[in-house]
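Dear colleague,

I am handing over the structure below for your files. A short account of the findings follows it.

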Amino acid sequence: MELVIEHLQKYFEGKHVLEDIDFRFEKGKIYGLLGRNGAGKTTLFNCLNQDLPIDQGKFYILDGNEQRKVTTGDIGYVLSTPSVPEFLTAREFLQFFIDINQKDIPNVKTVDEYFDFMGILPEDRDRLLKDFSHGMKNKMQMLINFIYNPFILLLDEPLTSLDVVVADEMKKLLRKIKDEHILIFSTHIMELAVDLCDEIVLLNHGVLSMVSKDELSDDEFQEKIITLLKDESL
Ligand SMILES: Nc1ncnc2c1ncn2[C@@H]1O[C@H](COP(=O)(O)OP(=O)(O)OP(=O)(O)O)[C@@H](O)[C@H]1O
């Protein structure tokens, strides 16, 4: 299965942010999306998640020879600024999420099993989410996405605010689930992208392009990416 994007364009008040996104994301891979500040990574995610209307082009899922629309159930989106209902406790939020999505969640576990899985401490489980740190809110967001298990997961700088232990667990988890998913991961941390991702994709001047690693070492590959981003910004 593939996520196919054809000639997608997005403007904001005359600013042409996404000029011609034409790309195929394949199941079974983690894609690292790199681009300079303001390149349009979040805008692309918002378009794919159908939070923003696109101005031109289309995107769809290709399953064998069958094309089908991307539905909201196909996509999970972990935002860089986590958005959680602050007036609920972690337990209330998770229970509510499970209740309303029960029919779409295979092998539902107990709320505490999910908290254990995500490393959310017992003393935090009944606290209001408004008192959670940025990283803890991020963990809650990641958790509901892992539970819902959408085919495509868009991750907008998700590991940046997690502590090193959780970030490492998340990396392992992403590697574990990648065979059945398309994972697109935006980050400014080059080492993370090179370490975690199967493919590096650059967004620059409104266009996506894949960077081939060839026979390069990790260090040489990182140099190549920086050079490309610098050159293309001229
Ligand atoms: N709702 C909006 N209205 C107007 N302009 C917007 C809107 N959202 C984004 N933009 C503009 O689109 C461009 C791309 O923004 P976007 O947030 O997608 O970039 P990014 O690659 O995610 O950046 P960063 O790496 O800094 O987070 C920027 O110039 C931004 O100002």
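Six strands make up an open sheet with mixed pairing, in the order β6-β7-β8-β3-β9-β10. Strands here are DSSP runs (E, at least two residues), as helices are (H or I, at least four), numbered from the N terminus; two strands pair if DSSP finds at least two bridges between them. At the edges stand β6 and β10 (207-211), each pairing on one side only.

This is a predicted model: local features need pLDDT of at least 70, side-chain atom pairs count only at pLDDT 80 or more, and totals for chains, interfaces and linings use all residues. Residues are numbered from 1 along each chain as its sequence is written.

Strand β7 (residues 152-156) is mostly covered, with five of its five residues buried; buried means that 20 or more other C-beta atoms, placed from the backbone, lie within 10 Å of the residue's own. Ile152, Leu154 and Asp156 are buried on one side of β7, and Leu153 and Leu155 on the other.

Strand β6 (residues 75-78) runs parallel to β7 and is joined to it by four bridges, with Tyr77 opposite Leu154. Strand β8 (residues 182-186) also pairs with β7 in the parallel sense, over five bridges; here Leu155 stands opposite Phe185. From β7 the chain crosses through helix α5 (residues 164-177) to β8 in a right-handed β-α-β crossover (clockwise from the first strand over the helix to the second, with the strands pointing away from the viewer).

By contrast, β9 (residues 199-204) pairs with β10 in the antiparallel sense over five bridges, and Leu202 has Ser209 as its bridge partner in β10.

With kind regards

Terms used:
A residue is buried if 20 or more other C-beta atoms lie within 10 Å of its own, exposed if 12 or fewer, and partly exposed in between; C-beta atoms are placed from the backbone.
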